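Open the model in your viewer and keep the selection tool at hand. The tour goes from one stop to the next, and each stop says what to select.

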Amino acid sequence: MVQRALLSFLPVALLATTAPPDPADKPATARWMAHNIAWGVLGTISTRSEGSKVGDAFGNPYSFADVSGVPYFYASDMDSSMIDLDLDSASGKRGSLSISEASLGSEIKACDIASPPLGDPENPPCARLVLSGAMSKVKANTSEEATAKAALFAVHPSFKLYPTSHEFFVAKMDVDSIWLIDAYGGPAYVAPRDYFNVNDSKPAVAPSASWSHGQPAGPSAKALCPVTGTSVNITSKTATVEFNNGQKLYFSSEEAAKEYRTSPRDFWLAPHDTPLSGVDGARGLPDLRGAHVQCPMSGENMTISMRTPRVDHKHGQAVYFCCHGCITAFWRDPESLFA
């Protein structure tokens with residue numbers, strides 16, 4: 001009888017320095033998480049009566065490393081999860097591996113409990129991925145075992161020091177089901193074909209792709225003050241108003257920034273206002289297309305494009321949001337989103 005593991009969840013450790021892909025690209029997001037996160041929770045159906053009941057869902061923190069999207073584990077038959085799976089049998093028992101962006105802590109505002117209003121590992125923009133599939137031992141002394149061990153030992157150097165008496169071996173998951181939440185609106189079910197077709201070496205955001213729709217790239221370090229219209233060269237000393245989760249507007253002086261904070265609605269682009277002319281008006285000034293930002297309301301990760309919802313301001317700057325609902329919240333109470 002095929003047994004299916006129930007889904008388990010715990011925060012995990014992230015190793016990579018690469019930026020995450022566009023959240024709208026679900027297969028790439030799933031592969032990015034599988035490739036850059038070092039451990040999660042391996043879910044099985046318990047076959048044991050000590051520490052659990054037979055038939056219970058059992059979650060066990062487990063280190064892993066992926067090779068081209070396939071999760072590999074360094075395991076021993078002495079481990080409880082491996083006892084549940086009984087990989088020496090031919091029963092086709094299954095496991096589920098649950099991983100989360102919450103390991104990044106305060107770096108990912110959507111996951112950070114200390115980041116109001118919605119920061120929490122259960123907040124949908126705090127990405128959660130569950131990979132499920134049949135578990136098996138990798139045949140010893142094969143090229144697959146050598147490749148998997150190289151990946152595992154590179155990510156987890158202590159594995160080399162594990163006692164030989166525990167007879168550690170390489171196990172793998174043949175992924176056939178993928179569940180992902182990285183935004184509001186419910187889970188995405190990623191087709192394994194699309195997941196495995198993602199290229200590991202592909203940049204998180206192809207530089208040229210950011211400009212494939214709209215005007216050519218413009219200046220990202222220049223702006224016009226929303227209050228005075230004065231040209232601003234953006235430096236570390238430029239006066240700013242910062243929003244929750246890191247977005248900023250740039251001002252010609254601290255006095256102008258204070259005036260905006262006092263009455264922000266006065267400086268939004270109104271229906272009777274003429275937008276900034278020329279290409280800067282079409283793409284925004286500064287031109288932030290391709291930049292990774294977070295929604296000031298939800299904390300959702302976004303890669304800015306021509307399609308990203310925004311509140312335009314006088315003279316070309318904008319604040320970007322994940323959806324119309326978050327824009328509505330900003331219209332109702334803009335001051336609540338000031339950092």
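Cys-322 counts as buried because its relative accessibility is 19%, and buried means under 20%. Cys-225 is also buried, at 0% relative accessibility.

**The whole protein**

Now zoom out. This is a predicted model. Colour by secondary structure to find seven helices and 16 strands. The protein has 339 residues, and buried residues make up 46% of them. Its accessible surface comes to about 16300 Å², with 54% of that belonging to carbon and sulfur atoms. Among contacts with a separation of 6 or more, 67% are between residues 24 or more positions apart.

**Helix α1**

Select residues 26–36, which form helix α1. Is this helix mostly covered or mostly uncovered? It is mostly covered, with nine of its eleven residues buried. Among the buried ones are Arg-31, Trp-32, Met-33 and Asn-36. Show the surroundings as well: the buried residues of α1 pack against β3 (65–67), β5 (94–100), β6, β7 and α4 (192–197). At the start of the helix, look at Asp-25, where a side-chain oxygen comes within 3.2 Å of the backbone nitrogen of Ala-28.

**Strand β7 and its partners**

Next select residues 169–181, strand β7. Which strands pair with β7? One partner is β4 (residues 70–75), joined to β7 by four bridges and running antiparallel to it. Here Tyr-72 has Lys-172 in β7 as its bridge partner. Another partner is β6 (residues 128–137), which pairs with β7 in the antiparallel sense over ten bridges. In that pairing, find Leu-131 and its bridge partner Ile-178 in β7.

The strand β8 (residues 188–189) also pairs with β7 in the antiparallel sense, over two bridges. Leu-180 stands opposite Ala-188 there. β7 and β8 form a hairpin with six residues between them. Click on Gly-185 in the turn, which has a positive phi of about 115°.

As you step along a strand, keep one rule in mind: in a regular strand the side chains alternate between the two faces of the sheet.

**Helix α2**

Select Ser-81, in helix α2 (residues 80–85). Is Ser-81 buried or exposed? Ser-81 counts as buried because its relative accessibility is 0%. Show what lies around the residue: leaving out residues up to four places away in sequence, Ser-81 touches Leu-42, Thr-44, Phe-58, Asn-60 and Tyr-62.

**The nonpolar cores**

Show the side chains of Val-227, Val-241, Phe-243, Phe-251, Tyr-260, Phe-321 and Phe-330. Within the largest nonpolar core, which has 28 residues, these touch the most other members. Elements that each supply at least two residues of this core include β11 (239–242), β12 (248–251) and α5 (254–262). Apart from this core lies another, of 27 residues, including Phe-73, Met-82, Met-135 and Ile-178.

Go back to Phe-251 and list its contacts. Beyond its neighbours within four places in sequence, they include Cys-225, Val-232, Thr-240, Ala-257 and Tyr-260.

Then select helix α7, whose buried residues are Cys-326, Ile-327, Thr-328 and Phe-330. These pack against α5 and β15 (310–312).

**A polar contact**

Select Thr-303 in strand β14 (residues 301–303). Thr-303 is buried, with a relative accessible area of 11%. Its side chain makes a polar contact with the side chain of His-292, at 3.1 Å.

Most residues other than glycine have a negative phi, and most peptide bonds are trans. The last stops are exceptions.

Where is Pro-286? Look in the loop between α6 (278–283) and β13 (292–294). The peptide bond from Leu-285 to Pro-286 is cis, with omega near 5°.

Move to Glu-167, in the loop between α3 (143–155) and β7. Glu-167 has a positive phi of about 50° although it is not a glycine, and at 62% relative accessibility it counts as exposed.

Finish at His-315, in the loop between β15 and β16. Its phi is also positive, near 75°. His-315 counts as partly exposed, at 32% relative accessibility.

Note on methods. Residues numbered from 1 in each chain as written. Predicted model: local features only at pLDDT ≥ 70, side-chain atom pairs only at ≥ 80, totals over all residues. Heavy atoms only, no water. Core = buried A, V, L, I, M, F, W, Y, C linked by side-chain atoms within 4.5 Å. Buried < 20%, exposed > 50% of the residue type's maximum accessible area, 1.4 Å probe, protein only. Contact = heavy atoms within 4.5 Å. Pairing = 2+ DSSP bridges. Polar contact = N/O pair within 3.5 Å; in protein donor to acceptor, adjacent residues only side chain to side chain. Areas by Shrake-Rupley, 256 points an atom, 1.4 Å probe, with all protein chains shown as cover.
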